[in-house]
Amino acid sequence: MFRAKFKEAVICFSNPRVTLPYPFGPGAELPEGFRGKITVDQTRCIACGGCANVCPSRLIRFYDEGERTRMEFILDRCTYCGRCAEVCPEHAITMTLEFENSTDHKEDLYIEQELYMATCARCGRCFETENAIDKIPVRRHREGRNFVGPSMPHGGPRARQRE
Amino acid sequence: MHSTGYCQAVEKAGGIEVPRRARYIRTIILELERIQSHLLWLGIAAHIIGFDTVLMQAWRIREPVMWLCEKITGNRKLYGINVVGGVRRDIPKAMHPELMGVLGRIERETKAVLDAVVTDTTLLARLANVGVLPNKDAIAYSLLGPTARGSGVAIDIRVDHPYAAYGEVETNVMVETSEDIWARTVVRIKETLDSIRIIRDCLAMMPEGPIQAKITEPIPPGRIGQSSVEAPRGETHHYVITGEDNRPYRWKARAPTFQNLQGVPIMVLGETIADVPIALGSIDPCFSCTERLETVDVRSGEVKVYTKADLFRLCKERWSKR
Ligand code: SF4
Ligand code: SF4
């Protein structure tokens, strides 16, 4: 009995306080690859819909509004699984180290973006391109330069007009 | 745990072969989960009987395991490591020394704490010969996991129906025959130490290769898959019927607490009220797995039972208000 108590006391004394002063001081260091709140790089996204397809919480929404595609990320339901970042072909989504996401305002956990889509000259529908090279003009188009190049499938609207 | 069960069920339904390396990584994660779960339980059980020294020490020992999991998978608790067809992250060679270091440390420290408390009469007075669950009742009520193994029932899905890498790595079933809470405690501590050995073996035996199967075809609808996994609390079963568009049509999971709870009335029969919390705690209950809630209004004595459908409706109402 006393031997046991003595051994317990030794263990307790040889391991002094291990709790960190968090949140008043720094917490434990986060490792590389930690899955925190997501960020979306709008200049990279091609609105392919891959992230919305895999998101288990179904929190990524797409609204097809003619030449624009509006995307909503309602992150209050995010499980931080990181599937969206994993499947994104353009690496537009990254998981940050941010984990202090509790908030009184739902808007803090809301991301909205609008993307101008390239238009197909034949059918007039907005389209996503098929291969990596074709994505380049789409991306530049996105950045406001309105580039229409010969590598666009079906020529693109202005190329058509010139013909 | 559950993600492994679900993925295995879908893999069975779709006839997907998981690469060997992925199966080893799954085993390592499952065993890390068992270590942290058992250490957590040890702390809580000690807390229930008012022995907070063990609570502090068990949780101190446990914390490095959580950090390790965070490093391997990207999160302390919601690992998200499994996908249908394999695992999402590899455990590279560079991480092995750290893993081994942490394992060595928790093994040493768990043994030290164990060595100190086994002869502690206050602890034994609260655990030995308390909450007795006779062997025949454990079998009659189909109890699972450490609860059954503490009553001398040698069942363990890892050995009985091997999955992941358990068919290749030596796995021991820890059985105790004294049928009381102390037996369940000893089973869990022995399993913790055995888990450490399993992870070491896995790291040594882990083959090179891919960690995800190439899945080119959608999984056909209407297939049935079932899988069982030995969770820290006992058996977890997952049943899946595949549907259109690579999505499940039906999915049912049965967690072990639902089964183990049936043994609690026998454990507390004839015991003092003070022993009820620790008897209940000894099955490591997780009430969220039971899909049913009973509330008692102490003033009016009114009893209200919420079924799964009621809970679902309440959740929906709450969500629609937001
Ligand atoms: S997967 Fe990437 S590129 Fe595709 S819509 Fe999502 S963020 Fe945009
Ligand atoms: S991290 Fe997971 S839950 Fe969150 S938005 Fe991405 S896919 Fe959806």
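Where in chain B is B:Val102 found? Look for B:Val102 in helix H4 of chain B. Before going further, please keep in mind that this is a predicted model. B:Val102 counts as buried because its relative accessibility is 13%, and the cut-off for buried is under 20%. If you set aside the neighbours within four places in sequence, the contacts of B:Val102 are with B:Pro64, B:Val65 and B:Leu68.

Staying with chain B, let us turn to a sheet. Strands E3, E4 and E5 of chain B form an open sheet in the order E3-E4-E5, and the pairing is antiparallel. Strand E3 (224-231) and strand E5 (248-254) stand at the edges; each has a single partner strand, so one side of each lacks a neighbour in the sheet. From one strand to the next, the twist averages 15°. If you follow the pairing of E3(B) with strand E4 (residues 234-242) of chain B, you will find 8 bridges between these antiparallel strands. For a specific pair, take B:Gly225, whose bridge partner in E4(B) is B:Val240. Now bring a helix into view: helix H1 (residues 2-14) of chain B lies across E3, E4 and E5 of chain B, and runs at about 150° to E3(B).

Another antiparallel pair in chain B is worth a visit. Strand E6 (residues 293-296) and strand E7 (residues 303-306) of chain B are joined by 4 bridges. Here B:Val296 has B:Val303 as its bridge partner in E7(B). These two strands form a hairpin with 6 residues between them, and in this hairpin B:Gly301 takes a positive phi near 80°.

Next come the charged side chains. Side chains of opposite charge can pair when their charged atoms come close. Over all chains, the count comes to 33 salt bridges. Which residue forms a salt bridge with A:Glu86? The partner is B:Arg88, and the closest N and O atoms of the pair are 2.9 Å apart. This pair crosses between chains: A:Glu86 belongs to helix H3 (residues 83-87) of chain A, and B:Arg88 sits in the loop between strand E2 (86-87) and helix H4 (96-117) of chain B. A:Glu86 counts as partly exposed because its relative accessibility is 38%, whereas B:Arg88, at 13%, counts as buried.

Other salt bridges lie inside a helix. In helix H2 (residues 20-48) of chain B, B:Arg34 and B:Glu31 are 3 residues apart, about one turn of the helix. Their side chains meet in a salt bridge at 3.2 Å, N to O. Are these two residues buried or exposed? Both B:Arg34 and B:Glu31 are buried. In helix H13 (residues 308-321) of chain B, B:Asp310 and B:Arg313 are also separated by about one helical turn, because they are 3 residues apart. The side chains of B:Asp310 and B:Arg313 form a salt bridge too, at 3.7 Å from N to O. B:Arg313 is partly exposed, with a relative accessible area of 43%. Salt bridges with shared partners also build one network from B:Glu31, B:Arg34, B:Arg149, B:Asp156, B:Arg158, B:Glu191 and B:Glu230.

Let us finish with chain A. Its secondary structure comes to 5 helices and 7 strands, and along the sequence these follow the pattern α-β-α-β-β-α-β-β-β-β-α-α. Chain A has 163 residues, of which 34% are buried. Among its contacts with a separation of 6 or more, 64% are between residues 24 or more positions apart. The chain exposes about 10400 Å², with carbon and sulfur atoms supplying 53% of that area.

One place to look on this surface is a nonpolar patch of about 290 Å², made by A:Leu20, A:Tyr22 and A:Phe99. A:Tyr22 counts as partly exposed because its relative accessibility is 38%.

How values were computed. Residues are numbered from 1 along each chain as its sequence is written. Chains are lettered from A and ligands numbered from 1 in the order in which they are written. This is a predicted model: local features need pLDDT of at least 70, side-chain atom pairs count only at pLDDT 80 or more; totals for chains, interfaces and linings use all residues. Side-chain values use heavy atoms; hydrogens and water are left out. Patches are made of residues with over 30% relative accessible area and no salt bridge: like charges are joined within 9 Å, nonpolar side chains (Val, Leu, Ile, Met, Phe, Trp, Tyr) within 5 Å. Accessible areas come from the Shrake-Rupley method with a 1.4 Å probe; for residues, only the protein chains shown count as cover. A salt bridge is a side-chain nitrogen of Lys or Arg within 4 Å of a carboxyl oxygen of Asp or Glu. Buried means under 20% relative accessible area, exposed over 50%, partly exposed in between (1.4 Å probe, protein chains only). Two strands pair if DSSP finds at least two bridges between them. Axes are lines fitted to C-alpha atoms, for helices over the stretch in contact, and angles run from 0 to 180 degrees between N-to-C directions. Contact means heavy atoms within 4.5 Å.
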